[in-house]
Amino acid sequence: MWQKVKVQLMLSMSFLAAVFWYCRRLYSFLAQLLKWWSNYLQRKLIRNLSVLTEVDLLGYSAREWKGETKQAKHMREAYEELFWSCHIKYLRQVRRDNYSAVRAVLFQIFSQGIPFPSWMKERDILKLPEKLLYSQGCNWIQQYSFGPERYTGPNAFGKLRKCMEALKTNWAEISATKDHEKRGNMCNTLFSDESKEHKLYEAIKFIMLYEVVEAYEQIKNREEPVHNLFSLLFARDTSSDPLSFMMNHLNSIGDSICLDQVELFLLGYVLEVKIRVYRLHRFNTEEFQVNYPDEYRREWNEISLLTEDDHYYHIPLFRT
């Protein structure tokens, strides 16, 4: 009897040992799989990020501007000036495309939790396309082009409304998040989704167009004075009215051109932020630091950009 019990016990112990070994191997396999999947998602997120994590400013300068050419020396000197005199110790690289300036500005607005501009709190931005189309008779907005998508046509109105909804929803949600780390994670997720990003930028472009139409009507009807940036904008042969501004400038932003100086003035004005730009190629001149717009209200938030060529922009980070 004891021999039978002993055999049964040995068989049970062997079975339990086998189950334990199997479970241990399964746990190890699942842990490795989970680690691999986590690393894969992290690599994919980093690869898709349009605003990269911060890097050391002088280290970036040394990597990007090697050699002893006149331009390389000039740029390294400009970066050193930023480091020692302006207390800019790090930067975040922004994807080099024709949305670069809009992306760098909007990312900082979101990451800093800056709320809607005062005029957006008084008006529903979802109704702006409808107002231009029906109230002000701007049926030419059907020729609006969505950056690299280059879409125009009767559905432009519906696409614009979806862009405005994306901007309003994401801005409200992120600005309402008080925890800085959580807000940063939300920004990283949003700015790694190209289709969502482009909707935001097209909404910003349309808001710029709306403000140009409003200013043009005020000037034409001789109503209250407008900001002097509109005088600069309408003085150009290529943007003498809202339609030419849209066709010759706005439609191509994100596709074949980026924001120029006048559009940067307009961007800061409509978003009610003072955009301070460090223009490294203008180092040792009066145009090294420029504010857009140059006339702003004291209560506006300030954000900063860094550019080497007035085409692509990065985000400087200050440390005291």
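A residue counts as buried when its relative accessible area is under 20%. Cys 86, at 13% relative accessibility, is therefore buried. Keep in mind that this is a predicted model. Here's a quick tour of its cysteines, a few strands and some aromatic rings.

**Cysteines**
- Searching the whole structure turns up 0 disulfides.
- Take Cys 138: the nearest cysteine sulfur belongs to Cys 163 and is 18 Å away, and Cys 138 is in no disulfide.
- Cys 138 is also tucked away, since its relative accessible area of 6% makes it buried.

**Strand β2 and its partners**
- Strand β1 (residues 55-56) pairs with β2 in the antiparallel sense, over 2 bridges.
- β2 also runs antiparallel to strand β6 (residues 313-318), joined by 4 bridges.
- Look for Tyr 90 in β2: it stands opposite Asp 56, and also opposite Leu 317 in β6.

**Aromatic rings**
- You can find 16 aromatic pairs in the structure.
- In one of them, Phe 230 and Tyr 269 have ring centres 5.5 Å apart and planes at 85°, so they sit edge-to-face.
- Phe 230 is in helix α10 (residues 228-235) and Tyr 269 in helix α12 (residues 261-271), so this pair ties together parts 39 residues apart in sequence.
- Phe 230 is buried at 2% relative accessibility, while Tyr 269 is partly exposed at 24%.
- Phe 107, Phe 110, Phe 116, Trp 171 and Phe 191 are linked into a cluster by ring pairs.

**Charges over rings**
- Lys 89 has its charged end over the ring of Phe 83, 3.9 Å from the ring's centre.
- Lys 159 lies over the face of Phe 146, 5.2 Å from the ring centre.

How values were computed:
Residues numbered from 1 in each chain as written. Predicted model: local features only at pLDDT ≥ 70, side-chain atom pairs only at ≥ 80, totals over all residues. Heavy atoms only, no water. Pairing = 2+ DSSP bridges. Disulfide = S-S within 2.5 Å. Buried < 20%, exposed > 50% of the residue type's maximum accessible area, 1.4 Å probe, protein only. Phe/Tyr/Trp six-rings, centres within 6.5 Å; stacked < 30°, edge-to-face > 60°. Lys NZ or Arg CZ within 6 Å of the ring centre and 35° of its normal.
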